[in-house]
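Here are my notes on this one, as promised. Have the model open while you go through them.

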Amino acid sequence: MLDLIIPTISQGLLWSLLALGVYLTFRVLDIADMTVEGSFPLGAAVGAGLLIDGANPFTAVFAAGIAGMLAGVITGILHTKLKIPALLAGILTMLALYSINLHIMGKANLSLLRVDTIFSLFDGYGLTMANAILIVGLLSALLFTLLMYWFFGTEIGAAIRATGYNQQMIRANGVNTDATIILGLLLSNGLVGVSGALVGQSNGFADVGMGVGTIVIGLASVIIGEVLFGTRSFKNCLISVVLGSVVY
């Protein structure tokens, strides 16, 4: 039974970063962002490419997060500056990223067999691959949940949340809503990029088509978590999203 439960929880925790990113746009900003279907494989492609070139696993994950952030910024600029509807802006970026991901990888699939990943760091401690994924997933989910809780308690974070609730009101208070929307999309897709890099390393490959359906996974995790664990506070919402990803 444990052989089934541990890998399930491990994968759920790795995917919870994607769910947190989707929650940020879907619930906080009130935007249906399709960019995640491109930024998820982008994170996997960047991470896998750097690992194959001999980069440090942590550097590869960090670079994947930065790449995801850039994808979010592009969507934000298309939406706020060019006045393209958010859904269409995300679709345009997603489609463009397909070609970019192919260019980064050089082919449709990159294998990470016999390549040191972030999970290989636990080889010397006698842990199985499943246990290593569980530890990394747990630490990642805990770290990013705490960071999000702290950030959205700051003045900038509160402005992003207020933008999603009522743009006219927060704009009347002198806040540049274009900037808060772009920042929200940046943070969201940064989380998705990190999730893509970690999932790619746990699966042992990066594939150009691995982003298909990720928006459904993210939305399902958010909705399941909210229904089962409640939305009493922002902290409760974040925990619910992580648990919802594990349940899904």
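1. Start with Asp 178 and Lys 81, whose side chains form a salt bridge at 3.7 Å, N to O (a side-chain nitrogen of Lys or Arg within 4 Å of a carboxyl oxygen of Asp or Glu). Asp 178 sits in helix H8 (residues 177-203), while Lys 81 is in the loop between helix H3 (57-80) and helix H4 (86-105), 97 residues apart. Helices here are DSSP runs of H or I, at least four residues, numbered from the N terminus. Lys 81 counts as exposed, at 51% relative accessibility (exposed is over 50%, buried under 20%, partly exposed in between, with a 1.4 Å probe and protein chains only).

2. A word on the basis: this is a predicted model, so local features need pLDDT of at least 70 and side-chain atom pairs count only at pLDDT 80 or more, whereas totals for chains, interfaces and linings use all residues. Residues are numbered from 1 along each chain as its sequence is written, and side-chain values use heavy atoms, leaving out hydrogens and water.

3. How many salt bridges does a search of the whole structure find? It finds two. Besides the pair above, Glu 226 meets Arg 27 at 2.7 Å, N to O. Glu 226 is buried at 16% relative accessible area; Arg 27 is partly exposed at 36%.

4. Val 227 is exposed, with 65% relative accessibility.

How values were computed:
Helix = DSSP H or I, 4+ residues; strand = E, 2+ residues; numbered from the N terminus.
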